[in-house]
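Work through the exercises below with the sequence and the model open. Try each task before reading its solution.

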Amino acid sequence: MTIVGLDDTDSRENGMCTTYVGARLAERLRDVGTVDRLLLVRLNPAVEYKTRGNAAVAVQTSVEPERAFELAAELIDSLALASEPNTNPGVVVAPHRVHPDGVETDGTGPAADRSIPDDVSAWTVQAIRGHCTIADAERRIESAGYRQDARGNGRGRIGALAAVGAQATLAEWTYERIAYRTKSRRGTDRSVDAESVFDAANAAYPTVWDTVDRGSGELVCVPRTPGPVLVGIRGDDPAAVDRVLDRIEAEPVAASERFLTNQGTDVHLREGRLGALEDGRAYRVDGVVDGDPETRRGGHVFVPIVDQHGENRTECAAFEPTKRFRDRVRALRPGDRVTVCGERSRGTIKLEKFAVRELESRELVTPTCPSCDRTMESAGRDQGYRCRDCGTSADGRERVPIDRALESGWYEVPPRARRHVAKPLVRGGFDGPTHPER
Ligand code: ATP
């Protein structure tokens with residue numbers, strides 16, 4: 001039994017994507033043996049080298065390692081991927097036993113395969129949550145005794161090795177069924193009947209999620225970038241994603257594959273602490289809102305948070321494409337206790353979701369005169385406030401109850417703005433009430 005890991009086989013120029021190369025490899029492997037499973041592993045979304053979604057693929061097959069390796073190398077040659085300037089394909093072939101039945105029905109995925117060395121499974125976690133070097137990948141591939149093929153600078157081996165180790169280390173899995181376009185249609189507008197997508201999505205929600213964005217009316221499952229993917233249906237149950245795809249009316253499909261994936265699992269998030277966060281990593285971190293949210297040029301919304309000692313301050317951002325999520329962020333008030341999730345980039349946390357832990361229920365306002373009900377005026381520096389007309393006075397600003405547009409619990413970006421690896425609230429398992437976006 002063999003696992004073939006693949007990465008960096010995509011290019012913007014000739015409209016490839018790694019899942020498609022994985023699907024083509026599976027096709028070739030089926031000519032000479034069986035394919036048990038395809039894995040689609042999303043790696044650190046903050047990595048600068050990525051083309052789009054930082055995807056790596058593993059194909060588990062009965063075909064002997066040597067033959068599988070030959071087929072993968074031939075495929076890369078035939079797709080002329082190695083000649084692309086920013087494409088650095090990597091193939092890693094591991095002679096591991098895989099689970100023979102290849103059947104998962106409960107959404108938890110396969111049991112961990114202990115025959116994959118710790119050095120390799122640790123690599124998967126590092127590639128999802130941190131940064132890796134080509135030299136380190138090479139060393140681990142060699143010490144595990146795997147076959148490798150490197151084109152260009154061979155960077156793709158980083159992701160290919162991470163895909164090989166994924167099954168041994170990741171505990172939470174979801175599914176995506178991807179349908180690919182026929183060659184002649186690639187580069188043209190995709191023809192997909194929106195009504196059939198909404199009907200199928202509604203019938204299968206919430207087992208199948210992020211198919212559409214009901215707020216904006218968009219078809220999230222249909223990519224907008226050029227490339228071979230027609231639609232990708234994501235969910236917790238393999239039969240359910242298949243059924244949704246079957247119900248969609250669209251142009252003819254050349255092929256389709258179902259992948260076991262780490263999408264929608266939040267596996268990229270580390271537990272973080274304000275003051276100890278690094279750029280290029282994603283965190284879940286507690287804080288207290290430390291200023292009013294501010295909408296800046298381009299419609300991006302920023303809000304500062306600080307740790308409980310009031311020492312380490314960080315800005316959080318909800319960018320324009322997150323649309324209605326920005327209203328949730330704008331509704332935060334100084335003093336609110338929150339948990340925020342997202343990647344830290346140039347000192348700012350790019351919000352994917354946040355939880356309100358405790359809402360500030362009062363705010364400080366200039367006092368009103370108890371006699372005439374008008375707002376008092378300042379009586380001078382450190383002199384409190386007074387009402388000139390009535391002669392009343394107050395020592396300082398007063399705390400009054402405020403109406404809050406937020407409730408306690410988790411809020412998230414809408415499906416249209418979701419990162420592949422980010423977990424939709426509707427999937428459950430959160431430590432508080434949730435307010436899912438549909
Ligand atoms: P697509 O979504 O279309 O498949 P992509 O976004 O996956 O494209 P790639 O062309 O695969 O982009 O480029 C990502 C590159 O970064 C690969 O070479 C991969 O090996 C490498 N890489 C992935 N994760 C890390 C990491 N944590 N540290 C360093 N390099 C990484």
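This is a predicted model: local features need pLDDT of at least 70, side-chain atom pairs count only at pLDDT 80 or more; totals for chains, interfaces and linings use all residues.

Residues are numbered from 1 along each chain as its sequence is written, and side-chain values use heavy atoms, with hydrogens and water left out.

**Exercise 1.** Find how many disulfides the model has.

Step 1. Set the rule: a disulfide is a pair of cysteine sulfur atoms within 2.5 Å.

Step 2. Apply the rule: the count is 0 disulfides. Cys341 is in none, as the nearest cysteine sulfur, in Cys316, lies 10 Å away.

Step 3. Look at Cys387: its closest cysteine sulfur belongs to Cys390, at 3.8 Å, which is too far for a bond.

Step 4. Check burial, where buried means under 20% relative accessible area, exposed over 50% and partly exposed in between (1.4 Å probe, protein chains only). Cys341 has 1% relative accessibility, so Cys341 is buried. Cys387 has 9%, so Cys387 is buried.

**Exercise 2.** Describe the largest nonpolar core.

Step 1. Set the rule: a nonpolar core is a set of buried Ala, Val, Leu, Ile, Met, Phe, Trp, Tyr and Cys residues joined through side-chain atoms within 4.5 Å.

Step 2. State the size: the largest core holds 51 residues, and Tyr146, Val192, Val231 and Ile233 have the most contacts inside it.

Step 3. Take Val231: beyond neighbours within four places in sequence, its contacts (heavy atoms within 4.5 Å) include Ile178, Val192 and Leu245.
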